[in-house]
Amino acid sequence: MGSAAPSRRTTLSALLASGLGAALTGCGGPARSVGAGGAVTLRYFFWGDSGRAELINKCIAVFEREHPKIKVKSSFAAFDAFWPKLSTAAAGGNPPDVMHVDYAWIRTLGEHGVLADLGPHTGSGKEIDASTVIPSLRTAGEVDGRRVALPLGANCVSLMYDAKAWSEAGAREPTGPMSWDAFMEQSLKVTQYGRRHGSPVQYGMDNPGQNYMGLEVWMRQQGLQMWTDKGALGFDRDDMRRYLTLVDGWRKEGALAGPAAVLESLPGFPITTRRAASYLEWDNQVGGRSDMRGSTLSLGTVPSDTGRSGIYAKPGMLIAAAAQSPYPSESARFIDFMVNDRRVAKILGTNIGMPPTTSQQGAADTSDPKVRQVQAYEKRVAKTLAPTPPPPADGGASLNVYLQRVAEKLFYGTVSVDQAVDLYFDQSEVVLA
């Protein structure tokens with residue numbers, strides 16, 4: 001995720017530290033008048049690329065035909081650029097009316113008054129019908145009992161792997177339940193094959209220790225969770241010590257890539273640059289990652305030592321309204337359209353994730369093999385999914401960034417496991433104070 005652009009941590013921390021939350025709740029923002037014929041224009045901001053923008057604009061065209069008095073002006077930015085642009089607009093008291101929000105920041109933005117409370121617009125006879133949200137995502141978008149966003153797509157963690165690379169190495173593919181040690185034995189075979197036939201080496205797996213996703217999955221497999229309902233860490237130093245000890249051991253054996261493979265792959269990923277033949281990733285990304293790699297990736301079974309999968313239904317994106325939008329009702333109507341209209345699901349496919357509501361389920365174009373692949377995976381793991389866990393604490397998302405830094409130090413050998421654990425928890429005390 002490295003780039004020269006400011007990180008989410010930098011921009012949003014600065015945003016909130018500057019008192020933006022208080023500023024937004026204390027002022028009405030710039031007035032925007034209703035246009036001719038009583039029409040209003042909603043400004044809609046999301047992250048993605050030109051391909052996603054084309055799909056979303058098709059959805060907007062459908063909405064505008066049925067709501068001639070509501071115009072929607074969309075704009076987008078790449079993921080890293082999205083946050084500074086959103087921060088700048090909000091700091092000027094002129095945030096977009098409707099915006100996409102990452103789950104890692106939903107509590108931060110919700111608690112600081114940046115996002116509108118959609119509760120008054122949700123329910124029978126109101127603009128938004130949230131009763132259709134699939135059960136495993138029912139609480140996604142709620143902060144302190146308030147509905148501040150709706151899930152726009154659903155996905156879950158998967159083990160993506162290149163079946164051809166695993167087969168060529170004589171490794172048993174992760175198509176069924178495996179313990180972590182058993183999986184790493186097979187992953188090591190891929191690495192050993194890569195050492196004989198590749199330069200640079202292709203490892204069996206990208207390192208899950210450098211990604212919060214790996215930490216979260218493993219903790220959930222132990223019956224723990226990353227965050228409690230009160231916004232505290234749901235695991236302790238001993239839990240993290242056990243995890244990092246395992247991961248660092250697998251790296252030293254050669255089953256996992258080291259930090260150099262990650263850094264040398266930027267701005268891509270080890271899986272897309274053929275430096276790793278498997279990794280943990282959200283399932284709806286399989287099509288894009290396959291295209292970047294130049295070969296089809298499969299969706300396997302996440303290893304576990306406990307019988308718990310550790311995976312859950314996650315809102316790939318959420319859609320929210322600005323607290324200071326002068327058009328709360330119109331914004332709510334558009335949000336309902338995006339999460340409930342079947343035509344939206346058909347247009348978007350799996351670009352944002354699987355449909356988050358019962359009203360959109362089954363509407364995606366199943367002629368697309370990428371859609372069918374994700375649908376088949378989610379059907380296979382459906383019974384193992386747990387409900388969406390509590391979102392990160394206010395400021396907790398920055399610990400995801402910090403984990404990457406600590407992991408790099410550990411895997412380069414500049415700190416021990418005990419020191420890495422202390423660094424992480426010391427930082428957590430500062431961030432969560």
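Begin by selecting Asp144, which counts as exposed because its relative accessibility is 56%; here exposed means over 50% relative accessible area, buried means under 20%, and partly exposed lies in between, with a 1.4 Å probe and protein chains only. The model is predicted, so local features need pLDDT of at least 70 and side-chain atom pairs count only at pLDDT 80 or more, while totals for chains, interfaces and linings use all residues. Residues are numbered from 1 along each chain as its sequence is written, and side-chain values use heavy atoms, with hydrogens and water left out.

Although Asp144 is not a glycine, its phi is positive, about 50 degrees.

Next, select Arg274 in the loop between α10 and β8, where you will find another residue that is not a glycine and has a positive phi, this one of about 60 degrees. Arg274 counts as partly exposed, with a relative accessibility of 37%. The loop between α10 (259-265) and β8 also holds Pro267, which is joined to Leu266 by a cis peptide bond with an omega of about 5 degrees. Most residues other than glycine have a negative phi, and most peptide bonds are trans.

Now select α8 (residues 212-221) together with α9 (residues 237-253), whose axes are 11 Å apart and form an angle of about 120 degrees. That angle makes α8 oblique to α9, since under 35 degrees counts as roughly parallel, over 145 as roughly antiparallel, 65 to 115 as roughly perpendicular and the rest as oblique. On the α8 side the contact (heavy atoms within 4.5 Å) is made by Gly214, Leu215, Trp218 and Met219, and on the α9 side by Asp239, Met240, Arg242, Tyr243 and Leu246.

**Aromatic rings**

How far apart are the ring centres of Phe235 and Phe425? The distance is 5.9 Å and the planes stand at 85 degrees, so the pair is edge-to-face. It links Phe235, in the loop between α8 and α9, to Phe425 in helix α16, 190 residues apart. Phe235 is buried, with a relative accessible area of 6%, and Phe425 counts as buried at 9%.

Then move to Trp282 and Tyr312, whose ring centres are 6.5 Å apart with planes at 75 degrees, so that this pair is edge-to-face. Trp282 belongs to strand β8 (residues 278-282), whereas Tyr312 lies 30 residues away in the loop between β9 (298-300) and β10 (314-321). Both Trp282 and Tyr312 are buried.

Finish by selecting Tyr44, Phe46, Phe63, Phe76, Phe334 and Phe337, which form one aromatic cluster.

Note on methods. Axes fitted to C-alpha atoms, helices over the stretch in contact; angles between N-to-C directions. Helix = DSSP H or I, 4+ residues; strand = E, 2+ residues; numbered from the N terminus. Phe/Tyr/Trp six-rings, centres within 6.5 Å; stacked < 30°, edge-to-face > 60°.
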